[in-house]
Amino acid sequence: MHLKSLTLRGFKSFASSTTLRFEPGITCVVGPNGSGKSNVVDAIAWVLGEQGAKALRGGKMEDVIFAGTAGRAPLGRAEVTLTIDNHDGALPIEYAEVSITRRLFRTGDSEYEINGDSCRLLDIQELLSDSGIGREMHVIVGQGQLDSVLQSRPEDRRGFIEEAAGVLKHRKRKEKALRK
Ligand code: ATP
Ligand code: MG
């Protein structure tokens with residue numbers, strides 16, 4: 001499984017439809033300060049179901065919608081589509097390619113889609129939950145956070161690595177079972 005492409009429309013600074021294509025392996029996004037690199041990362045977190053505005057570096061969820069610039073009017077909605085290569089069947093769905101779409105209108109209405117069919121957020125969370133990229137399971141190390149990871153106490157660092165490796169949930173389950 002790997003991320004194939006990401007399309008942003010009206011998401012943060014990406015007013016016009018913009019598609020990024022990823023190959024298997026490591027992807028680097030380079031560009032000047034303020035050009036939207038972190039916004040791309042925010043878009044991935046958002047389409048995977050992030051519900052916290054702060055995690056998306058905003059004050060409220062509406063802040064993900066293109067707010068306008070001197071030469072361009074604000075937009076009424078933000079839309080992000082993430083396409084995942086599922087040839088290895090890591091996602092429990094019978095498609096070799098899975099597209100997840102999230103849309104937010106200024107009215108506050110939200111829409112979610114899997115391969116173009118509308119669905120609930122819960123359906124997306126369930127689809128991703130055992131794949132290692134579900135809610136709280138993918139790991140995004142934000143700008144400036146790397147130092148705090150490197151300088152954290154060994155126990156905290158271990159927790160971080162366990163979460164990234166997907167074993168934290170199993171350890172939590174085990175601890176809960178042992179308490180009973
Ligand atoms: P740096 O190298 O400094 O980390 P960056 O490439 O990560 O920069 P981002 O933080 O992704 O930059 O982008 C910041 C830009 O996105 C700012 O110019 C900000 O005004 C713009 N931006 C953020 N939200 C919106 C929005 N809702 N509408 C329009 N522009 C927005
Ligand atoms: Mg940045």
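The model is predicted. Helix α1 spans residues 37–47. Its buried residues are V40, D42, A43, W46 and V47. These residues lie on the same side of α1, because they cover an arc of only 160° around the axis. An α-helix has 3.6 residues a turn, so residues three or four places apart point the same way. After α1 comes G49, which has a positive phi, near 115°.

Helix α5 gives a further case. This helix runs over residues 168–179 and has 12 residues. From the first C-alpha to the last, α5 reaches 17 Å. That is close to the 16 Å expected at 1.5 Å a residue. Helix α5 is hardly covered. The count of buried residues among its 12 residues is 0.

At the level of domains, the protein chain is divided in two. Domain 1 covers 2–137. Domain 2 covers 141–180. Taken over C-alpha atoms, the centres of domain 1 and domain 2 are separated by 25 Å.

Ligand 1 has 15 residues around it. Those that come nearest are N33, K37, S38, N39 and A67. By class, the shell around ligand 1 holds 9 polar residues, together with 3 nonpolar and 3 charged ones.

Methods. Residues numbered from 1 in each chain as written. Chains lettered and ligands numbered in written order. Predicted model: local features only at pLDDT ≥ 70, side-chain atom pairs only at ≥ 80, totals over all residues. Helix = DSSP H or I, 4+ residues; strand = E, 2+ residues; numbered from the N terminus. Expected span 1.5 Å × (residues − 1). Buried ≥ 20, exposed ≤ 12 C-beta atoms within 10 Å, placed from the backbone. Near = placed C-beta within 6 Å. Nonpolar A, V, L, I, M, F, W, Y, C, P; charged D, E, K, R; others polar. Domains from an automatic or database assignment. Arc of directions from axis to C-beta.
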